[in-house]
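Hi,

Here is the structure I promised to pass on to you. Have a look at it first, and then read on for my notes on what turned up in it.

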Amino acid sequence: MGILAWIILGLIAGVIAKVLLPGRDPGGIIITTLIGIAGAFVGGWLSARLLDKPIGHDFFDLATWGAAIGGSLVLLILYRIFFGDSRARR
């Protein structure tokens, strides 16, 4: 898959991660989308490095989507932990 396919995959994975993890995000939709793109890359890299499961070259591969959505969820959770709105915790 090329870089454009990973960006598109990341956009979709970010939306799916947002649906799976609803709530207010400190950065809004643009930051959430960027987190989705970064999560797709991180998920693919972690899958190849730690799980010894390289990502396929097919856009519709289930393992590729799982890694992208998983990476997006992890980054979204970390983003909320570190940059969450302190007013919401009171």
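Before the helix pairs, a word on terms: an axis here is a line fitted to C-alpha atoms, for helices over the stretch in contact, and angles run from 0 to 180 degrees between N-to-C directions. Helices (H or I, at least four residues) and strands (E, at least two) are DSSP runs, numbered from the N terminus.

Please keep in mind that this is a predicted model, in which local features need pLDDT of at least 70 and side-chain atom pairs count only at pLDDT 80 or more, while totals for chains, interfaces and linings use all residues. Residues are numbered from 1 along each chain as its sequence is written, and side-chain values use heavy atoms, with hydrogens and water left out.

**The chain as a whole**

The chain has three helices and zero strands, and its pattern along the sequence reads α-α-α. Of its 90 residues, 31% count as buried; buried means under 20% relative accessible area, exposed means over 50%, and partly exposed lies in between (1.4 Å probe, protein chains only). A contact means heavy atoms within 4.5 Å. Among contacts in the chain with a separation of 6 or more, 74% come from residues 24 or more positions apart.

**α1 with α3**

Two packed helices are described by the angle between their axes and the distance between the axes. α1 and α3 pack at an angle of about 60 degrees, and their axes are 8 Å apart. They are therefore oblique to each other; the scheme counts angles under 35 degrees as roughly parallel, over 145 as roughly antiparallel, 65 to 115 as roughly perpendicular and the rest as oblique. The crossing of this pair is right-handed. As for handedness, a crossing is right-handed if the near helix is turned clockwise from the far one by less than a right angle, and left-handed if anticlockwise.

On the α1 side, the contact is formed by Trp6, Leu9, Ile12, Ala13, Gly14, Ile16, Ala17, Lys18 and Leu20, which meet Thr64, Trp65, Ala68, Ile69, Ser72, Leu73, Leu76 and Arg80 in α3. By class, the contact of α1 with α3 has twelve nonpolar, three polar and two charged residues. For these classes, Ala, Val, Leu, Ile, Met, Phe, Trp, Tyr, Cys and Pro count as nonpolar, Asp, Glu, Lys and Arg as charged, and the others, Gly among them, as polar.

**α1 with α2**

Helix α1 (residues 3-20) and helix α2 (residues 28-49) have axes that come within 7 Å and cross at roughly 115 degrees. That makes α1 roughly perpendicular to α2. Here, too, we have a right-handed crossing. The residues that meet are Ile3, Trp6, Ile7, Gly10, Leu11, Gly14 and Lys18 in α1 and Thr32, Thr33, Gly36, Ile37, Ala40, Phe41 and Gly44 in α2. This contact of α1 with α2 divides into seven nonpolar, six polar and one charged residues.

**α2 with α3**

The axes of α2 and α3 come within 6 Å, crossing at roughly 125 degrees. That makes α2 oblique to α3, and their crossing is right-handed. From α2, the contact involves Ile31, Thr32, Ile35, Gly36, Ala38, Gly39, Ala40, Val42, Gly43, Gly44 and Ser47; from α3, it involves Ala67, Ala68, Gly71, Ser72, Leu75, Leu76 and Tyr79. Its residues are ten nonpolar, eight polar and no charged.

Val42, which sits in helix α2, is partly exposed, with a relative accessible area of 33%. Its C-alpha atom is separated by 7.6 Å from that of Ala68, 26 residues apart along the chain.

**An aromatic pair and a glycine**

Rings of Phe, Tyr and Trp (its six-membered ring) pair if their centres lie within 6.5 Å; planes under 30 degrees apart count as stacked, over 60 as edge-to-face and the rest as tilted. The count by this rule is one aromatic pair. Tyr79 and Phe83 form a tilted pair, 5.4 Å centre to centre with 40 degrees between the planes. These two are four residues apart in helix α3 (residues 62-83), so about one helical turn separates Tyr79 from Phe83. Tyr79 is buried, at a relative accessible area of 18%, whereas Phe83 is exposed, at 56%.

Lastly, Gly84 lies in the segment after α3 and is partly exposed, with a relative accessible area of 22%. Gly84 and Gly27 are 57 residues apart in sequence, and their C-alpha atoms are 8.9 Å apart in space.

Best wishes
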